[in-house]
Amino acid sequence: MLRPIKSFDIKGQTVLIRLDLNVPILDDVIQDDFRIRACLPTINYCLSEGASVVLMSHLGRPDGDYNEKFSLMPVGEHLASLLEMPIKFSSDCISQDAIDTSLSLKTGEVHLLENLRFYKEESINDSVFANKLSKHGRLYINDAFGTAHRTHASNHGIIDNFKNYGIGFLFEKEMKYLKDVINKPERPLVLILGGAKVSTKLELINKYIQQADTIIIGGGMAFTFLKAMGHNIGKSLVESKMVEQAKNILDAARLNGKKVILPLDIVCSEDINDIKRNNPVSIREIPENQMGLDIGSKTIKKYLEILDSAKTVLWNGPMGVFEKVSFAIGTEAIAKKLVEISEFNATVIAGGGDTASALRHLNMVDKVTHVSTGGGASLELMSGNKLEAINKLET
Ligand code: AMP
């Protein structure tokens with residue numbers, strides 16, 4: 001059983017919290033602080049309960065060596081401004097100085113450690129490194145859902161060193177929606193799949209071909225299905241190795257009486273950077289020299305009608321190349337409809353890095369039921385897989 005942070009008496013304790021503060025940074029400026037904000041409820045709870053906190057996280061992939069580009073220092077500064085208080089920062093994770101700073105924290109103080117991935121030992125789940133990390137606190141809390149599919153020292157090996165360990169509010173919320181709610185959904189349950197590839201979402205499709213009432217497919221992955229149905233897809237994105245699988249999925253859906261809905265029309269162009277949006281063409285008329293980059297108006301209308309009656313929606317993957325204004329309309333239309341049905345009590349859960357960034361781009365993150373902070377981890381949990389870090393927390 002996962003132990004929620006509220007089940008511990010943390011007053012006067014130093015709580016060591018693994019967070020996922022892996023945010024995009026350009027020239028020391030944080031481009032999107034969604035993940036940092038998502039950690040605030042757990043930190044604030046600890047501080048209001050009279051604990052002190054030590055925070056640790058990874059940032060990017062520095063591959064086990066110090067690299068200033070991946071320093072958590074800008075994250076620390078931003079966190080301090082969000083918390084409206086100064087925080088202590090150590091430029092490493094396991095030195096005696098850093099540990100002494102943690103041990104001498106007063107009630108209500110915060111100490112952030114430098115990037116865990118400056119140590120090779122982190123990614124290989126080294127037990128000596130994990131033991132050293134554990135010296136920073138008396139109670140261990142994991143609130144880094146985004147790394148739950150990894151077996152690293154800070155989210156796996158470290159647990160062997162604690163009598164008391166559990167999960168923070170963000171982790172709890174992710175588990176509630178991505179596991180409990182979607183395993184007992186109110187019906188109709190609609191799965192919306194998009195994005196680039198079928199292969200990364202194959203497990204999800206195979207699971208929901210049984211469980212969902214309808215699966216809507218858009219984005220680049222739709223073309224592998226359209227090809228499997230014998231359509232000419234021009235220069236559109238295709239995973240040739242997945243065409244056979246796509247055929248099997250469509251056959252399985254037919255056998256199970258499930259609806260897999262594919263685009264009716266497509267907005268195409270010769271150039272992904274095209275600043276104009278061409279008129280949509282039928283899927284039977286995709287020009288040989290063009291690629292499909294967004295769903296067309298007939299498709300949008302059909303998808304919105306299906307969503308109108310949905311009671312639970314799971315969304316993973318944009319409907320087109322949403323990063324380009326000309327091809328963002330399909331994704332925007334779906335997002336707006338999801339906000340609308342959320343207001344009428346449908347449960348809308350969005351997962352996957354690009355889906356979350358599309359919603360953030362549209363300022364809609366707080367307007368649907370739950371937007372996962374995890375990419376790979378949310379995909380795996382939704383697919384019904386066991387995640388190593390979760391197994392360990394359950395021991
Ligand atoms: P994923 O990580 O699999 O969810 O893929 C997200 C990416 O898929 C985004 O960067 C989109 O630009 C891209 N994408 C969506 N639709 C298309 C399309 N029709 N052709 C090419 N790429 C697409």
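Reader: Is Lys 337 buried or exposed?
Author: This is a predicted model, and in it Lys 337 is buried, with a relative accessible area of 10%. Buried here means under 20%, so a value of 10% places Lys 337 in that class.

Reader: Where do Asp 308 and Lys 337 sit in the chain?
Author: Asp 308 is in helix H10 and Lys 337 is in helix H11, which covers residues 329-343. They are 29 residues apart, and the pair links distant parts of the chain.

Reader: What does Asp 65 pair with?
Author: The side chain of Asp 65 meets that of Lys 120 in a salt bridge, at 3.1 Å from N to O. This pair also links distant parts of the chain: Asp 65 is in the loop between S4 and H2, Lys 120 is in helix H4 (residues 120-123), and 55 residues separate them. Asp 65 counts as partly exposed, with 42% relative accessibility.

Reader: And Glu 244, which residue is its salt-bridge partner?
Author: Lys 247, with the closest N and O atoms 3.8 Å apart. Both residues lie in helix H9 (residues 243-256), 3 residues apart, which is about one turn of the helix. Glu 244 is partly exposed at 47% relative accessibility, and Lys 247 is partly exposed at 35%.

Reader: Back to H10, please. How many residues does it have, and how far does it reach?
Author: H10 spans residues 297-308, so to speak a run of 12 residues, and reaches 16 Å from its first C-alpha to its last. That is close to the 16 Å expected at 1.5 Å a residue.

Reader: Which residues of H10 are buried?
Author: Thr 299, Ile 300, Tyr 303, Leu 304, Ile 306 and Leu 307. Seen down the axis of H10, these buried residues fall within an arc of 160 degrees, so they line one face of the helix. The face turned away from that buried side carries the exposed residues Lys 298 and Lys 301.

Reader: Which strands does H10 lie across?
Author: H10 lies across S12 and S14, and runs at about 40 degrees to S14. Those two strands belong to an open sheet of 3 strands in the order S13-S12-S14, with antiparallel pairing. Strands S13 (281-282) and S14 (291-295) stand at the edges with a single partner strand each, so one side of each has no neighbour in the sheet.

Reader: How many bridges pair S12 with S14?
Author: S12, residues 265-269, pairs with S14 over 4 bridges in the antiparallel sense. Ser 269 stands opposite Met 291 in S14.

Reader: Now S15. How many of its residues are buried?
Author: In S15 (residues 312-316), 5 of its 5 residues are buried. Thr 312, Leu 314 and Asn 316 are on one side, with Val 313 and Trp 315 on the other, and both faces are covered. In a regular strand the side chains alternate between the two faces of the sheet.

Reader: Which strands pair with S15?
Author: S9 pairs with S15 in the parallel sense over 5 bridges, with Trp 315 as the bridge partner of Ile 192. S15 is also joined by 4 bridges to strand S16 (residues 347-350), and these two run parallel. Val 313 stands opposite Val 348 in S16.

Reader: A last topic, the backbone. Where is there a cis peptide bond?
Author: Between Arg 187 and Pro 188, with omega at about 5 degrees. Pro 188 lies in the loop between helix H6 (169-183) and strand S9 (189-193).

Reader: What is the phi of Asp 63?
Author: Asp 63 has a positive phi of about 60 degrees, although it is not a glycine. Asp 63 is in the loop between strand S4 (52-56) and helix H2 (73-83), and counts as exposed at 63% relative accessibility.

Conventions. Residues numbered from 1 in each chain as written. Predicted model: local features only at pLDDT ≥ 70, side-chain atom pairs only at ≥ 80, totals over all residues. Heavy atoms only, no water. Expected span 1.5 Å × (residues − 1). Buried < 20%, exposed > 50% of the residue type's maximum accessible area, 1.4 Å probe, protein only. Arc of directions from axis to C-beta. Pairing = 2+ DSSP bridges. Contact = heavy atoms within 4.5 Å. Axes fitted to C-alpha atoms, helices over the stretch in contact; angles between N-to-C directions. Salt bridge = Lys/Arg side-chain N within 4 Å of Asp/Glu carboxyl O.
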